[in-house]
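This briefing concerns a predicted model of a protein assembly. It sets out how the chains meet, how each chain is built, and what surrounds selected residues.

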Amino acid sequence: MSALTLAWQTPEPTPTWYLILGAVVFGIGAVGVLVRRNPLVLFMCIELMLNAVNISFVALSVRNQNIDGQTAVFFVLVVAAAEVVIGLGIIVSILRRRPGSTADDLSELRG
Amino acid sequence: MMELVVFVVASAMVVGGALGVVLRRHPVHAALSLVLTLFGVAVHFVAQEAHFLAAVQVIVYAGAIVVLFLFVIMLLGVDTADNLRIDPLRIQRPLAAIVGVAIVGLMITAIVSTRDTGPLAVGEGIDVEYANVAGAPEDADQAPVGEPDANIKQLSRNLFGDHVFAFEFTSVLLIVAVAGTVVLTRRERRKGEGST
């Protein structure tokens, strides 16, 4: 066992791994936004994309040794919270008027 | 070894939850998959020594945002499963798959090709234990490693020093969002209807 551990150097996760993970999650969220029709699930996919960006921010903050990236994540969190509050308010008022609306029916938002 | 195990397990949580959000038919199940993803992201933050962000991630996302989603799902009674077979535009799904693969491919290509470039704008160093990152500055180990709350101290100094105006504007943003939601969802009360 010790010879094996000597021969096989355990790789440590570098910021590149985290960036690739963020890219994959962003892609999944983007496909979800394009495919799903339920407005609530659309919002969840947008949250996925925001989280992917957060992963990338923290990874680059570590890589550049700069705390600004983590501050940016803080602001992304605040904006995500505000966006969810407004978006869910709009969805509530639409679905209350027309139950069962999908994203295809949201063209009724046009004045 | 430990870091590798943590990375693999947390990445499995993140990617599995993300796939669950997109693929589960039931909105409640999608919301719970989102919780799984958010906890995985919090684990990644802890693994990168961003302790404050991990705590805020759990409190704000898993504690507030997903609960808000679940509230709305229950309130509206839209917790019926979607029929994923309906495809309004026949070409939409293949196009979406192509777009997704293209986005991920382009980003991974860019990431891998710029892997060996040095840091862009070197800050004053942050509280991380591994300074052997590719291109990390030589004096990266000058960062206050070891102090238990160094990350929070640095973050607060940065937030309330360099970014204090943006911080104040986020409070304005939150107030506007709350007021806007109250206006949006207020039901016009007809005359003669009792107060609820």
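The contact between the two chains of this predicted model draws on 69 residues of chain A and 88 residues of chain B. Together the chains bury about 7200 Å², and 75% of that area lies on carbon and sulfur atoms. On the side of chain A, the residues that lose the most area to chain B are Met44(A), Arg63(A) and Gln65(A), which together account for 11% of what that side buries.

**Interface between chain A and chain B**

- The search for salt bridges across the interface of chain A and chain B returns zero.
- Polar contacts are present across the interface of chain A and chain B: eight residue pairs qualify, with both residues at pLDDT 80 or more.
- Three elements of chain A each give two or more residues to the side that touches chain B, namely helix H2 (15-35), helix H3 (39-64) and helix H4 (68-97).
- H4(A) supplies the largest share of that side, with 23 residues.
- By residue class, the side of chain A that touches chain B consists of 46 nonpolar, 15 polar and eight charged residues.

**Architecture of chain A**

- Chain A contains four helices and zero strands, and its pattern along the sequence reads α-α-α-α.
- Of the 111 residues in chain A, 57% are buried.
- Among the contacts in chain A with a separation of 6 or more, 54% are between residues 24 or more positions apart.

**Architecture of chain B**

- Chain B contains six helices and zero strands, in the order α-α-α-α-α-α along the sequence.
- Chain B has 196 residues, of which 32% count as buried.
- For contacts in chain B between residues at least 6 apart in sequence, 49% join residues at least 24 apart.

**Helix H3 of chain B**

- H3(B) covers residues 51-76, a run of 26 residues.
- From its first C-alpha to its last, H3(B) reaches 36 Å, close to the 38 Å expected at 1.5 Å a residue.
- The buried residues of H3(B) include Leu53(B), Ala54(B), Val56(B), Gln57(B), Tyr61(B) and Ala62(B).
- Further along H3(B), Ile65(B), Val66(B), Phe69(B), Val72(B) and Ile73(B) are also buried.
- The cover over these buried residues includes H3 and H4 of chain A, together with helix H2 (27-47) of chain B.
- Gly77(B) follows H3(B) and has a positive phi, near 65 degrees.

**Arg36(A), a loop residue**

- Arg36(A) is placed in the loop between H2 and H3 of chain A.
- Arg36(A) counts as buried because its relative accessibility is 4%, below the 20% cut-off.
- The side chain of Arg36(A) has a polar atom 2.8 Å from the backbone oxygen of Val22(B).
- The backbone oxygen of Arg24(B) is also reached by the side chain of Arg36(A), at 2.9 Å.
- Within chain A, Arg36(A) and Thr102(A) are separated by 66 residues in sequence, while their C-alpha atoms are 9.2 Å apart in space.

**Asn158(B), a helix residue**

- Asn158(B) belongs to helix H5 (residues 150-161) of chain B.
- Asn158(B) has a relative accessible area of 7% and is therefore buried, the cut-off being under 20%.
- The side chains of Asn158(B) and Asp68(A) are joined by a polar contact of 2.9 Å.
- Beyond its neighbours within four places in sequence, Asn158(B) is in contact with Ile67(A), Asp68(A) and Thr71(A) of chain A, as well as with His163(B).

**Thr37(B), a helix residue**

- Thr37(B) has its place in helix H2 of chain B.
- With a relative accessible area of 1%, Thr37(B) is buried.
- Apart from neighbours within four places in sequence, the contacts of Thr37(B) are Leu48(A) from chain A, and Met13(B), Val14(B), Gly17(B) and Ala18(B) from chain B.

Notes: Residues are numbered from 1 along each chain as its sequence is written. Chains are lettered from A and ligands numbered from 1 in the order in which they are written. This is a predicted model: local features need pLDDT of at least 70, side-chain atom pairs count only at pLDDT 80 or more; totals for chains, interfaces and linings use all residues. Side-chain values use heavy atoms; hydrogens and water are left out. Contact means heavy atoms within 4.5 Å. Buried area is the accessible area (1.4 Å probe) that two parts lose on being put together, summed over both. A salt bridge is a side-chain nitrogen of Lys or Arg within 4 Å of a carboxyl oxygen of Asp or Glu. A polar contact is a pair of N or O atoms within 3.5 Å; within protein, one must be able to donate a hydrogen and the other to accept it, and residues adjacent in sequence count only if both atoms are side-chain atoms. Ala, Val, Leu, Ile, Met, Phe, Trp, Tyr, Cys and Pro count as nonpolar, Asp, Glu, Lys and Arg as charged, and the others, Gly among them, as polar. Buried means under 20% relative accessible area, exposed over 50%, partly exposed in between (1.4 Å probe, protein chains only). The expected span of a helix is 1.5 Å times one less than its number of residues.
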